[in-house]
Amino acid sequence: MATTPVLEIEDLTLTAKTQEVLVKDVSFSLNQGESLGLVGESGSGKSLTLRAVLGLLPRGIEQTGGVIRSAADSAMVFQDPRGALDPLCPVVKQVAEVVYYRQRLSRKASRAAALELLHMLGLPDSLRKTDRYPGQLSGGQCQRIVIAMALACKPGILLCDEPTTALDVTVQKQIMETVGRLQQELGFAMIFVTHNLAVAAAMCSRLAVMKKGEIVEQGSTLSVLQEPQNPYTQMLINSVLPVPELAPEGSGVLWT
Ligand SMILES: Nc1ncnc2c1ncn2[C@@H]1O[C@H](COP(=O)(O)OP(=O)(O)OP(=O)(O)O)[C@@H](O)[C@H]1O
């Protein structure tokens with residue numbers, strides 16, 4: 001794996017207007033083509049950290065400390081795919097618009113590039129041939145469109161903010177596999193925010209665990225899972241529910 005950092009964050013601190021510190025002294029780096037899972041409980045500062053990387057902090061929140069050095073463009077995949085799409089615009093056109101403005105191609109070439117992206121994301125031909133609106137698509141298909149829009153920016157860093165949380169588990173798995181495949185093909189680095197440790201472990205070679213605005217532990221996925229140093233990480237690991245083993249037939253119970 002290449003070791004050129006595309007993103008370096010040092011002591012990032014984000015503060016609300018009320019002077020409440022929401023993210024404190026967060027530091028990590030991301031190499032080209034690498035995937036980092038940012039995990040932790042709700043409200044621990046994962047999304048705000050991503051938004052700081054994108055340069056799109058919510059109103060009323062400021063960066064009051066630290067530096068973000070980025071050597072590549074970022075694009076973000078948000079949590080709620082339907083909310084990220086314009087309900088009144090056909091989905092192919094929405095992807096083509098991003099291609100048109102970000103890649104500066106002609107209208108015709110932008111549409112062709114958009115269709116190619118939808119193909120890469122495994123969307124059905126019917127969707128590519130006829131113009132469909134977001135309301136006519138499933139949640140999983142909408143999320144693929146949103147990912148296509150992010151990839152249309154040709155990002156060096158893909159920021160994924162719980163992109164599969166709103167989807168059922170089988171669709172979640174398919175989307176994760178698609179993103180993983182595209183990362184191999186296109187070589188972008190990725191930060192994958194999730195509160196689901198199992199999802200992060202499946203997607204990412206490194207993990208950073210956040211609690212109350214701070215990173216309490218980070219390292220390779222294997223070392224964090226096998227030798228967690230922080231009690232909070234240990235607790236997260238312990239709270240992943242194992243699939244129970246089926247009891248033998250006729251035993252009168254379903255699970256052992
Ligand atoms: N626009 C905002 N104004 C004020 N406080 C905010 C704003 N957005 C987030 N916060 C606060 O900042 C903290 C971190 O929020 P953030 O959304 O980054 O958490 P998170 O770890 O991504 O949570 P989740 O997993 O639930 O999305 C929380 O305490 C949250 O209430």
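In strand S4, Ile68 is the bridge partner of Ile9. The strands S1 (residues 5-16) and S4 run antiparallel and are joined by 8 bridges. Two strands are said to pair if DSSP finds at least two bridges between them. Helices (H or I, at least four residues) and strands (E, at least two) are DSSP runs, numbered from the N terminus.

Before going further, a word on what you are looking at. This is a predicted model, in which local features need pLDDT of at least 70, side-chain atom pairs count only at pLDDT 80 or more, and totals for chains, interfaces and linings use all residues. Residues are numbered from 1 along each chain as its sequence is written.

**Two sheets**

S1 and S4 belong to an open sheet of 3 strands with the order S2-S1-S4 and antiparallel pairing. Strand S2 (21-31) and strand S4 (61-70) are its edge strands, each pairing on one side only. From one strand to the next, the twist averages 5°. For angles, axes are lines fitted to C-alpha atoms, for helices over the stretch in contact, and the values run from 0 to 180 degrees between N-to-C directions.

The other sheet to look at is also open: its 6 strands follow the order S5-S6-S7-S3-S8-S9, with mixed pairing. Here the edges are strand S5 (74-77) and strand S9 (214-220), each pairing on one side only. Neighbouring strands of this sheet are turned by 15° against each other on average, direction ignored. At one end of the order, S5 and strand S6 (residues 157-161) pair in the parallel sense over 4 bridges, and Ser74 stands opposite Ile157 in S6.

| Helix | Lies across | Angle |
|---|---|---|
| H6 (residues 139-151) | S5 and S6 | about 175° to S5 |
| H10 (residues 231-238) | S3 (35-40), S8 (206-211) and S9 | about 105° to S8 |

Which loop holds Lys154? Lys154 lies in the loop between H6 and S6. Lys154 is partly exposed, because 14 other C-beta atoms lie within 10 Å; a residue is buried with 20 or more such atoms within 10 Å of its own C-beta atom, exposed with 12 or fewer, and partly exposed in between, with C-beta atoms placed from the backbone. Leaving aside neighbours within four places in sequence, Lys154 is in contact with Arg102 and Gln103. The C-alpha atoms of Lys154 and Val99 are separated by 9.0 Å, although the two residues are 55 residues apart along the chain.

**Around the ligand**

The ligand is surrounded by 14 residues, of which Ser42, Lys46, Ser47, Leu48 and Pro58 are the closest; a residue counts as near if its C-beta atom, placed from the backbone, lies within 6 Å. Helix H1 (residues 46-54) gives the most to this shell, with 3 residues. By type, the shell divides into 5 nonpolar, 8 polar and 1 charged. Ala, Val, Leu, Ile, Met, Phe, Trp, Tyr, Cys and Pro count as nonpolar, Asp, Glu, Lys and Arg as charged, and the others, Gly among them, as polar.

**The chain as a whole**

Stepping back, the chain has 10 helices and 9 strands. Its C-alpha trace spans about 60 × 55 × 40 Å along the principal axes. Of the 256 residues, 37% count as buried.

Terms used: Two residues are in contact if their C-beta atoms, placed from the backbone, lie within 7 Å.
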